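Let's walk through this structure together, one question at a time. Have a look at the sequence and the model first.

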Amino acid sequence: MSEYTEDQVQQLVKTSHEMKKMSYCPYSNFPVGAALLTADGTVFTGCNVENASYGLAICAERTAIVKAVSEGHRKFKAIAIASDLKDGVIVPCGACRQFLVEFGVDWDVCMTKPDMTYEVKKTKELLPWCFVPTDLQRERLPSRSNAGHS
């Protein structure tokens, strides 16, 4: 059972599509929008922002999450993402999948089509065998000495 209403998800989908208009994508011409629902019901939006140094681009999903985190939010219920792909839903890139699971493996990703239909997957379904914050607390072998290395 989801922790949000059908009306909330429909609004997220609509908002994610509206956010495509805010995209700055002069290199790929591939606008992406996102709308993120926090645990308290606040919605944060995002769009992709490209850069001439391609590796510095930031995706819509990460933009929305960074905005939410910068305002003190850490728990999320769902995110909707939108693009102009005619066939099939838009899916998060690998970096975004890792970014999503940083904030939990059991919240929803609504991947949309331009006709406002969507498919929902849990974050853990998009990145099985993911590396999450609790992995940093797992037992490890003793640290090796760097003797002989400067």
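A residue is called buried under 20% relative accessible area, exposed over 50%, and partly exposed in between. Please keep in mind that this is a predicted model.

Q: Is Lys 14 buried, exposed or partly exposed?
A: The relative accessibility of Lys 14 is 40%. Buried needs under 20% and exposed needs over 50%. Lys 14 therefore counts as partly exposed.

Q: Which residue forms a salt bridge with Lys 14?
A: In general, side chains of opposite charge can pair when their charged atoms come close. The closest N and O atoms of the pair are 4.0 Å apart, and the partner of Lys 14 is Glu 18.

Q: How many residues apart in sequence are the parts that Asp 106 and Lys 124 tie together?
A: Asp 106 forms a salt bridge with Lys 124, with 3.6 Å between the closest N and O atoms. Asp 106 lies in the loop between helix 3 (94-101) and strand 4 (108-112), whereas Lys 124 lies in helix 4 (residues 123-126), so the parts tied together are apart in sequence by 18 residues.

Q: Is Asp 108 buried or exposed?
A: Asp 108 forms a salt bridge with Lys 122, the closest N and O atoms being 2.9 Å apart. The pair ties strand 4, which holds Asp 108, to strand 5 (residues 118-122), which holds Lys 122. Lys 122 is partly exposed at 25% relative accessibility. The relative accessible area of Asp 108 is 6%, and the limit for buried is under 20%, so Asp 108 is buried.

Q: Which residue in strand 2 is the bridge partner of Ala 34?
A: Strand 1 (residues 33-38) pairs with strand 2 in the antiparallel sense over five bridges. The two strands form a hairpin with four residues between them, and Gly 41 in the turn has a positive phi of about 95°. Strand 2 (residues 43-47) has four of its five residues buried. Within strand 2, the bridge partner of Ala 34 is Gly 46.

Q: Which helix gives the most to the lining of the largest pocket?
A: The largest pocket holds about 200 Å³ of space. Its lining has 16 residues, with Phe 30, Val 32, Asn 48, Cys 59 and Glu 61 nearest the centre. The lining divides into 11 nonpolar, two polar and three charged residues. With three residues, the element that gives the most to this lining is helix 2.

How values were computed
Residues are numbered from 1 along each chain as its sequence is written. This is a predicted model: local features need pLDDT of at least 70, side-chain atom pairs count only at pLDDT 80 or more; totals for chains, interfaces and linings use all residues. Side-chain values use heavy atoms; hydrogens and water are left out. Buried means under 20% relative accessible area, exposed over 50%, partly exposed in between (1.4 Å probe, protein chains only). Two strands pair if DSSP finds at least two bridges between them. On a 1 Å grid over the protein atoms alone, a cavity is a set of points where a 1.4 Å probe fits but cannot get out, and a pocket is an open set with protein on both sides within 12 Å along at least five of seven lines; lining residues have an atom within 4 Å of a point. Grid points are joined across faces, edges and corners, and a volume is the space filled by probe spheres set on the points. Ala, Val, Leu, Ile, Met, Phe, Trp, Tyr, Cys and Pro count as nonpolar, Asp, Glu, Lys and Arg as charged, and the others, Gly among them, as polar. A salt bridge is a side-chain nitrogen of Lys or Arg within 4 Å of a carboxyl oxygen of Asp or Glu.
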